[in-house]
Amino acid sequence: NDAWSHPATTMPPEESLRRRHRPMDERGSVSNDVDGLEGFDHQSLSSSSSDNDDLLFVNPETAEHRRSTLKNNPMSGMTFPRLCRLLLIEKIHSIDWWRYKNRILCLFGVSLFNSFLSMMEWIYIKCCLQHVFQHVQQDDQPPLFVLGHPRTGTTLLHSLLAQDESRFTTCSTFCAGFPDSFLTFESVGKILFQSMLSPTRPMDNMRLHFDLPQEDELATCLLTGGRSSPYLSLYFMRDEQEYRPFQTFRGITDSVHVHRWTQAFQWLCTKLKVRNVLQQMSQSTTFPNLPTPKRLLLKSPCHTGRIRLLLKLYPNAQFIYVHRHPLEVFLSSVHMANTTYGYMFLQQPGDLREYILKQGELLIEEYVSCVQELDELQLGKNLVEVSFEDLTSNPYKVIQSVYNGLEGMETVFAGDKSPQSYPAKLEEYCKSLRGYRKNQFDTSKLDDELMKEIQSRWKVQFERYGYSQELK
């Protein structure tokens with residue numbers, strides 16, 4: 001199906017840019033004639049879904065989750081001192097110790113190993129890599145950030161952009177899981193710890209392995225000991241209100257949290273650049289000097305509410321924002337909660353609907369506020385918005401639109417067309433994703449009260465992107 005990569009009847013590229021986008025409900029579906037993306041958001045929330053997807057009360061903990069200790073658990077990469085501070089001092093009265101005793105014991109066990117690896121890496125850096133760190137610190141390329149609420153297609157967009165290996169480097173799943181040791185331990189660790197990951201993501205059928213691009217916030221959470229990251233709410237869901245300020249860092253009176261997160265984030269970025277330089281050197285012996293690190297391509301949904309902070313760190317940073325019909329986002333978020341979060345809990349959760357709704361409010365309201373305030377002053381051609389509907393129905397054209405819309409990247413698709421070029425690699429990658437028909441979500445599982453609550457609390461999303469009040 002040549003229409004997959006080079007459709008002759010699709011909208012012009014600029015139509016998928018921000019502010020000019022019209023959602024799929026208004027254009028009519030184009031996905032009937034084009035194969036979609038296999039595996040992404042594959043699990044449907046129709047009436048045939050499991051009883052665990054009851055939207056009236058989201059309490060995602062199955063027997064499999066309870067038995068799990070380290071599998072799909074990002075805290076498996078935390079070092080012993082940080083874990084002791086978190087569990088034995090700061091959260092000692094919040095943990096359901098007996099309920100999760102096996103998980104906690106395993107976390108303490110692997111944390112000792114992580115501490116040993118961290119010490120070895122610190123010695124290696126001090127003895128062998130100081131000149132590389134000094135070299136990458138001179139690099140002033142601003143990162144490109146993928147933004148969007150969870151379940152809007154950020155992982156898909158991240159993966160498509162990551163095919164541009166000549167331009168970007170990413171935070172891999174192993175780097176996100178073991179940020180203290182990936183410079184020295186990655187090749188061995190990917191073999192040793194491969195059983196920690198499911199073959200596919202718990203919430204859908206997308207592949208999951210240590211080389212895939214991953215959310216950098218997972219690594220930053222570990223580097224801060226969980227103390228300045230909203231992701232700690234996934235372990236202590238009854239206490240999730242404590243971590244809401246870290247979604248945006250707006251209104252935080254204690255500057256220690258901002259400083260701690262900033263230090264950890266910038267240290268991670270530096271290490272990722274060092275990793276890329278070392279990778280380039282290992283692949284070629286023709287460098288008379290140290291190679292320039294490639295540009296960082298980063299994705300974490302919580303960055304959606306941090307544009308102001310990120311622009312302070314990187315004034316020329318660029319952003320791509322993905323949006324999706326709010327009702328689909330809610331339904332898919334519920335499914336992710338019911339299939340994924342249970343691997344991480346250290347306290348028995350309550351109803352997670354409020355967490356999902358509040359996260360959506362915080363991220364979209366801060367994002368819109370920031371864009372309206374900074375649009376003409378700082379963002380300009382450094383921000384592009386795309387829709388999930390377009391991304392899943394015609395990814396090649398959407399990525400082309402993204403490149404055409406970002407300053408300094410306009411010539412990529414007009415230049416080299418060799419088999420090794422990014423457009424050629426992207427076309428092949430898109431072909432490999434053929435065959436999936438996007439889910440049809442059944443809003444009958446949303447009672448009138450819940451439907452009205454979503455429409456009211458996520459009103460900004462409905463109005464800004466012209467989404468209908470119901471799924472069609």
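Q: Where is Phe 249 in this thing?
A: This is a predicted model. In it, Phe 249 is in the loop between α9 and α10, and α10 covers residues 255–283.

Q: Is Phe 249 buried or exposed?
A: Phe 249 is buried, because its relative accessible area is 9% and the cut-off for buried is under 20%.

Q: What about its phi?
A: Phe 249 has a positive phi of about 60 degrees, although it is not a glycine.

Q: Why point that out?
A: Most residues other than glycine have a negative phi.

Q: Which other residue has a positive phi without being glycine?
A: Arg 151 is one, with a phi near 80 degrees. Arg 151 lies in the loop between β1 (144–147) and α6 (154–162). Arg 151 is buried, with a relative accessible area of 6%.

Q: Back to Phe 249. Which cluster is it linked into by ring pairs?
A: Ring pairs link Phe 249 with Phe 145, Phe 246, Trp 261, Phe 265, Tyr 314 and Phe 319.

Q: How many aromatic pairs are there?
A: The count is 23 aromatic pairs.

Q: Which surface patch is Phe 113 part of?
A: Phe 113 belongs to a nonpolar patch with Phe 116, Met 119, Met 120, Trp 122, Ile 123, Val 188 and Leu 192. Together they have about 760 Å² of accessible area.

Q: Which helix gives the most to the patch?
A: Helix α4 gives the most, with six residues. Both α4 and α8 supply at least two residues each. Phe 116 is one of the residues in α4, and Phe 116 is partly exposed at 42% relative accessibility.

Q: What packs against α4?
A: The buried residues of α3 do. In helix α3 (residues 80–90), these are Leu 83, Cys 84, Leu 86 and Leu 87.

Q: Switching to charges. Which lysines lie over a ring face?
A: Lys 91 lies over the face of Phe 236, 4.9 Å from the ring centre. Lys 271 lies over the face of Phe 182, at 4.6 Å from the ring centre.

Q: What else does Lys 271 touch?
A: Ser 181 is in contact with Lys 271, and also touches Leu 117, Glu 121 and Glu 186, leaving out residues up to four places away in sequence. Ser 181 sits in the loop between α7 (173–177) and α8. Ser 181 is buried, with a relative accessible area of 3%.

Q: How many salt bridges are there?
A: The structure holds 28 salt bridges. One of them joins Arg 244 and Glu 240, whose closest N and O atoms are 2.6 Å apart.

Q: Are those two buried or exposed?
A: Arg 244 is buried at 18% relative accessible area, and Glu 240 is buried at 8%.

Q: Which salt bridge links distant parts of the chain?
A: Arg 457 and Glu 361 form one, at 2.9 Å from N to O. Arg 457 is in helix α17 (residues 448–457) and Glu 361 is in helix α13 (residues 353–379), 96 residues apart.

Q: Last one: how many helices and strands?
A: The chain has 18 helices and five strands. Of its 472 residues, 60% count as buried.

Terms used. Residues are numbered from 1 along each chain as its sequence is written. This is a predicted model: local features need pLDDT of at least 70, side-chain atom pairs count only at pLDDT 80 or more; totals for chains, interfaces and linings use all residues. Side-chain values use heavy atoms; hydrogens and water are left out. Rings of Phe, Tyr and Trp (its six-membered ring) pair if their centres lie within 6.5 Å; planes under 30 degrees apart count as stacked, over 60 as edge-to-face and the rest as tilted. A charge sits over a ring if NZ of Lys or CZ of Arg is within 6 Å of the ring centre and within 35 degrees of the ring normal. Patches are made of residues with over 30% relative accessible area and no salt bridge: like charges are joined within 9 Å, nonpolar side chains (Val, Leu, Ile, Met, Phe, Trp, Tyr) within 5 Å. Accessible areas come from the Shrake-Rupley method with a 1.4 Å probe; for residues, only the protein chains shown count as cover. A salt bridge is a side-chain nitrogen of Lys or Arg within 4 Å of a carboxyl oxygen of Asp or Glu. Helices (H or I, at least four residues) and strands (E, at least two) are DSSP runs, numbered from the N terminus. Buried means under 20% relative accessible area, exposed over 50%, partly exposed in between (1.4 Å probe, protein chains only). Contact means heavy atoms within 4.5 Å.
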